[in-house]
Amino acid sequence: MAALPGLALLLLLAWGGPPAAGQKRKEMVLSEKVNQLMEWASKRSVIRMNGDKFRRLVKAPPRNYSVIVMFTALQPHRQCVVCKQADEEYQILANSWRYSSAFTNKIFFAMVDFDEGSDVFQMLNMNSAPTFINFPAKGKPKRGDTYELQVRGFAAEQLARWVADRTDVNIRVIRPPNYAGPLMLGLLLAVVGGLVYLRGSNLDFLYNKTGWAFAALCFVLAMTSGQMWNHIRGPPYAHKNPHTGQVNYIHGSSQAQFVAETHIVLLFNGGVTLGMVLLHEAATSDMDVGKRKIMCIAGIGLVVLFFSWLLSVFRSKYHGYPYRYVFL
């Protein structure tokens with residue numbers, strides 16, 4: 001019976017000693033990882049990682065922090081224009097977090113370039129760039145932890161909303177000052193002011209219906225082609241297939257678009273409008289019959305051609321649309 005207390009002590013040490021030591025070791029490893037990331041983040045908002053750093057600091061436990069990783073291909077020989085555009089927005093987002101008063105070690109921003117970490121791409125079965133993935137503090141990334149770039153675009157504001165949804169960290173995006181808008185407004189006011197000053201005695205040009213109609217038409221064409229959507233969502237200009245090298249200028253979904261797509265639609269709308277103007281002039285002008293016939297034929301040709309192309313774009317985005325005009 002006297003041996004029972006000693007046996008109980010041995011059992012207590014056997015059950016309590018190693019787990020406590022293991023927990024302490026785990027806390028030390030976690031502290032080292034956090035300190036390392038904080039040190040790098042103090043020097044650069046987006047931490048560049050290779051395969052070893054990614055496996056040690058992002059994949060391997062323990063981890064009590066989230067890491068937003070941008071997988072990209074920024075080297076010039078990769079010719080990834082979208083990667084460069086997305087990187088600029090990603091840097092804005094990371095800087096907004098790094099220099100905010102709410103900055104903590106709860107979340108870090110990192111980057112893996114294909115030429116510096118191709119083994120990471122292979123490990124994750126990743127074959128396209130850029131791609132944004134959130135690696136949460138606990139567990140593995142889920143479906144929602146991969147950013148839907150084709151749908152949301154890569155604007156820093158859209159990325160910030162996604163980060164807030166996945167990590168509960170709200171980042172107020174602060175962009176560098178952009179003086180293009182004020183400069184253009186100042187130039188426009190200067191031109192108008194100069195015209196008023198030079199032609200102060202004759203302001204008939206301000207009542208020119210053709211000029212105002214042309215300005216209004218340009219504005220309408222820009223808005224109906226999706227320029228405001230581009231400004232809000234910040235989509236890529238186009239998409240290059242990394243396997244075939246084919247560049248797509250028309251997005252295959254009705255829920256998204258490329259910047260190039262809006263330019264194409266703007267051109268097609270402008271062609272249809274020009275054709276309608278020619279038809280109107282052919283019907284109402286006082287020119288001789290021969291010239292009016294030429295204008296009429298040209299107008300009909302422009303309307304048929306560009307409206308057919310508009311329908312083809314519509315069919316490519318709304319799969320199963322049964323109608324077409326002339327061309328597929």
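This section reports helix packing, salt bridges and surface features of the structure shown above. The structure is a predicted model, in which local features need pLDDT of at least 70 and side-chain atom pairs count only at pLDDT 80 or more, while totals for chains, interfaces and linings use all residues. Residues are numbered from 1 along each chain as its sequence is written, and side-chain values use heavy atoms, with hydrogens and water left out.

Two helix pairs were characterised. Helices (H or I, at least four residues) and strands (E, at least two) are DSSP runs numbered from the N terminus. Two packed helices are described by the angle between their axes and the distance between the axes. Axes are lines fitted to C-alpha atoms, for helices over the stretch in contact, and angles run from 0 to 180 degrees between N-to-C directions. Helix H3 (residues 81-98) packs against helix H6 (residues 156-167) at an angle of about 55 degrees, the axes being 9 Å apart. H3 is therefore oblique to H6, given that angles under 35 degrees count as roughly parallel, over 145 as roughly antiparallel, 65 to 115 as roughly perpendicular and the rest as oblique. The crossing of H3 and H6 is right-handed; a crossing is right-handed if the near helix is turned clockwise from the far one by less than a right angle, and left-handed if anticlockwise. For helix H10 (residues 259-284) and helix H11 (residues 289-317), the angle is about 155 degrees and the axes are 7 Å apart. H10 is therefore roughly antiparallel to H11, and the crossing of H10 and H11 is left-handed.

Nine salt bridges were found in a search of the whole structure, a salt bridge being a side-chain nitrogen of Lys or Arg within 4 Å of a carboxyl oxygen of Asp or Glu. One of them pairs arginine 78 with aspartate 115, with the closest N and O atoms 2.9 Å apart. This pair links distant parts of the chain, 37 residues apart: arginine 78 is in the loop between strand S2 (66-72) and H3, and aspartate 115 is in the loop between strand S3 (107-113) and helix H4 (118-123). Arginine 78 is partly exposed, at 34% relative accessible area, and aspartate 115 is partly exposed, at 35%; buried means under 20% relative accessible area, exposed over 50%, and partly exposed in between (1.4 Å probe, protein chains only).

Arginine 166 forms a salt bridge with aspartate 145, the closest N and O atoms lying 3.0 Å apart. Arginine 166 belongs to helix H6 and aspartate 145 to the loop between strand S4 (131-135) and helix H5 (149-152), so the pair ties together parts 21 residues apart in sequence. Aspartate 145 is buried, with a relative accessible area of 3%, whereas arginine 166 is partly exposed, at 30%. Arginine 166 also forms a salt bridge with aspartate 165, with a closest N and O separation of 3.7 Å.

Arginine 175 is located in the loop between H6 and H7 and is partly exposed, at 35% relative accessibility. Its C-alpha atom lies 8.6 Å from that of leucine 93, although the two residues are 82 residues apart in sequence.
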